[in-house]
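Subject: Structure handover and first findings

Dear colleague,

I am passing on the structure that you will be working with, and below it I have set out what was found. Please read the notes with the structure open beside them.

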Amino acid sequence: MTGSRPGLAVMAYTVLEQAKADLEGTLARVASIGYLGLETYGLVKTFGPTRVRDAAAAAGLTITSAHTPFPAGAEAERLLDESAELGATTLVWSLEREEFDSPATIAAGVVRVNEAAALAAERGLTIGYHNHFAEFQNSFDGRQAYDLLLELLDPRVVVELDAYWARMGGADPAEVLTRLGDRARFVHIKDGPAVSYEDDVMVPIGEGAIDWAGALTAPSGLQWHIVELERLHVDTFDALESSYRYLVGHGLSRGSVEVEEATV
């Protein structure tokens, strides 16, 4: 494997129920497949930041980022303290769907994100923005809501592109990543029909509607590819193994377990 490929990680939501039952065992199993990193979600609430940090380290997983609300307002210091103790240098979250109903609601929502960016920067931390579909589906006077958002965000805010929801919103993930350039640090990788935010059932990567070869070879600043599988109708770890074989075997992502090269 070449070091230039972004490392492959798992979003903890994918294995949240398994991890709640056996944190250390679940993270060890994720690492045994070959995944290199973990984006936390829900684990700190259950176990506290120190145990999650230590469990990830014991498994040999890098904490890529923390999926946690923007540290703004009354909860800001607590969230920043938790993330610092966890060892997460980037905190990632989203605005709500209704905040993309108009340019005015976008601007109002951005105030919260930019406050978080300023407070995080004082701690040497970074804020990341994670999209859903409204950012790409909605437009105002010919301008995509996502473009309005990016224009207003503090330039210190980096991007975690959820390529699946962007595709459902009508965007081409490869084009978006190319346009974002170095600002795109993380990408959420999930697969399925990409037709319904509420009802889509996910499938192992490579078995759905997303052109991952096109998206993940687009020029960008991506550092981590983060697999997130929701509402699966197959075994979670089987899906994670299949996804790993697809992404690493096609030379798109970097892992710790070698996979026979496949043809893209």
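Thr 68 counts as buried because its relative accessibility is 12%, where buried means under 20% relative accessible area, exposed over 50% and partly exposed in between, with a 1.4 Å probe and protein chains only. Before going further, please note that this is a predicted model, in which local features need pLDDT of at least 70 and side-chain atom pairs count only at pLDDT 80 or more, while totals for chains, interfaces and linings use all residues. Residues are numbered from 1 along each chain as its sequence is written, and side-chain values use heavy atoms, with hydrogens and water left out.

Thr 68 is located in the loop between strand 3 and helix 5, where helices (H or I, at least four residues) and strands (E, at least two) are DSSP runs numbered from the N terminus. Not counting residues up to four places away in sequence, Thr 68 touches Leu 79, Ser 83, Leu 91, Val 92 and Trp 93, contact being defined as heavy atoms within 4.5 Å.

Eight of them form a closed barrel in the order 1-2-3-4-5-8-9-10, with parallel pairing; two strands pair if DSSP finds at least two bridges between them. Within this sheet, neighbouring strands are turned by 30° against each other on average, with direction ignored. Strand 1 (residues 7-11) runs parallel to strand 2 and is joined to it by three bridges, and Ala 9 has Gly 37 as its bridge partner in strand 2. Strand 2 also pairs in the parallel sense with strand 3 (residues 62-67), over four bridges, with Gly 37 standing opposite Thr 62.

Gly 128 has its place in strand 5 and, at 0% relative accessibility, counts as buried. Leaving aside neighbours within four places in sequence, Gly 128 is in contact with several residues, among them Phe 70, Thr 90, Val 157 and Val 158.

Turning to the helices, two packed helices are described by the angle between their axes and the distance between the axes. Helix 2 (residues 23-33) and helix 4 pack at an angle of about 35°, with their axes 8 Å apart; axes are lines fitted to C-alpha atoms, for helices over the stretch in contact, and angles run from 0 to 180 degrees between N-to-C directions. In this contact, Leu 23, Glu 24, Leu 27, Ala 28 and Ala 31 of helix 2 meet Arg 51, Val 52, Ala 55, Ala 56 and Ala 59 of helix 4.

Helix 4 (residues 49-59) also packs with helix 5 (residues 76-86), at an angle of about 25° and with the axes 8 Å apart. That makes helix 4 roughly parallel to helix 5, a term for angles under 35 degrees, whereas those over 145 count as roughly antiparallel, 65 to 115 as roughly perpendicular and the rest as oblique. Pro 49, Thr 50, Val 52 and Arg 53 of helix 4 make the contact with Glu 82, Glu 85 and Leu 86 of helix 5.
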